[in-house]
Amino acid sequence: ENYEQFRNSKKDIDVFFVTTLYPQPKYRDLVAQRRVLVDGLNKYGQFNIIARYVCPGKTGEEECGPFETELMDYREYLEYSARSRLGIYIRGNHDGLSFKFGELMAMGKPIVGEKLMNNRDNMYAYNRFEEQFAYDDPAELIDRVIYLLQNPQELEELRRVNIETFDNHFTPKPVVKGILDQIGVF
């Protein structure tokens with residue numbers, strides 16, 4: 001319910017996307033890909049796109065990049081996200097399902113995102129997930145974002161589909177029912 005209340009927020013931002021650039025060497029390739037995504041999104045000045053990165057572990061006056069931002073208060077982050085017409089999903093650091101997945105779905109966002117790796121067969125059975133979560137290449141993801149921003153009817157249809165999917169499959173009642181059905185309680 002806390003996230004669902006954001007469904008009716010005024011949509012005055014086309015895209016709001018913030019990601020973390022981790023300093024550890026094991027994340028070098030991931031960080032490079034995230035930089036390409038944020039930097040690429042910011043090239044489309046005709047849209048109201050807020051795409052930034054947070055750089056934790058930075059010491060002194062090190063440069064993070066032109067689109068660095070400070071870590072936001074979580075409520076403020078949610079409010080900005082709710083104001084966006086389109087959500088961008090990227091996987092967690094180890095190909096896990098990021099917390100942003102649930103947030104975007106609960107808010108009823110149309111989504112452009114990377115491929116889902118966890119529970120893949122089950123997740124892609126949902127209506128239009130294969131289409132929304134298909135873009136591991138940052139350039140393809142950006143192209144899809146721009147396409148959807150130029151096609152408001154398609155955005156509205158994805159929003160409707162994601163609200164329906166969330167309400168019918170991801171809220172506590174249907175999740176618990178699914179578990180009980182699988183173990184044969186009823």
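Two strands count as paired if DSSP finds at least two bridges between them. Helices (H or I, at least four residues) and strands (E, at least two) are DSSP runs, numbered from the N terminus. The model is predicted: local features need pLDDT of at least 70, side-chain atom pairs count only at pLDDT 80 or more, and totals for chains, interfaces and linings use all residues. Residues are numbered from 1 along each chain as its sequence is written, and side-chain values use heavy atoms, with hydrogens and water left out.

**View 1. The β3–β4 pair.** Strand β3 (residues 84–89) pairs with β4 in the parallel sense, over three bridges. In this pair, G87 stands opposite I111 of β4.

**View 2. The open sheet.** Four strands form an open sheet in the order β2-β1-β3-β4, with parallel pairing. The edges are β2 (49–54) and β4 (111–113). Each has a single partner strand, so one side of each is left without a neighbour in the sheet. From one strand to the next, the twist averages 20°. Axes are lines fitted to C-alpha atoms, for helices over the stretch in contact, and angles run from 0 to 180 degrees between N-to-C directions.

**View 3. Helix α6 on the sheet.** Helix α6 (residues 138–149) lies across β1 (13–20), β2, β3 and β4. The helix runs at about 160° to β3. Contact here means heavy atoms within 4.5 Å.

**View 4. The largest pocket.** On a 1 Å grid over the protein atoms alone, a pocket is an open set of points with protein on both sides within 12 Å along at least five of seven lines; a cavity is a set of points where a 1.4 Å probe fits but cannot get out; lining residues have an atom within 4 Å of a point. Grid points are joined across faces, edges and corners, and a volume is the space filled by probe spheres set on the points. The largest pocket holds about 350 Å³ of space. It is lined by 19 residues, of which V18, T19, T20, F99 and K100 are the closest to its centre. β1, α2 (74–83) and α3 (99–106) each give two or more residues to the lining. β1 gives the most, with three residues. By class, the lining has nine nonpolar, six polar and four charged residues. For these classes, Ala, Val, Leu, Ile, Met, Phe, Trp, Tyr, Cys and Pro count as nonpolar, Asp, Glu, Lys and Arg as charged, and the others, Gly among them, as polar.

**View 5. The largest cavity.** The model has two cavities of 30 Å³ or more. The largest cavity holds about 80 Å³ of space. Its lining consists of F16, F17, V18, Y77, S81, S84, L86, G87, I88, K100, E103 and L104. Elements giving two or more residues to this lining are β1, α2, β3 and α3. β3 gives the most, with four residues. Seven of the lining residues are nonpolar, three polar and two charged.

**View 6. The second largest cavity.** About 60 Å³ of space lies in the second largest cavity. L30, Q33, R34, L37, I90, E114, Y135, D136, D137, P138 and L141 line this cavity. The largest share, four residues, comes from α1. The lining divides into six nonpolar, one polar and four charged residues.

**View 7. Helix α6 against helix α7.** α6 packs with helix α7 (residues 152–170) at an angle of about 105°, and their axes are 6 Å apart. The two helices are therefore roughly perpendicular to each other. Angles under 35 degrees count as roughly parallel, over 145 as roughly antiparallel, 65 to 115 as roughly perpendicular and the rest as oblique. R144, L148 and L149 of α6 make the contact with P152, E154, L155 and L158 of α7. By class, this contact has five nonpolar, no polar and two charged residues.

**View 8. Helix α7 against helix α8.** α7 and helix α8 (residues 172–183) pack at about 50°, with their axes 5 Å apart. α7 and α8 are therefore oblique to each other. From α7, the residues D167, N168, H169 and F170 meet P172, P174 and V175 in α8. Four residues of this contact are nonpolar, two polar and one charged.
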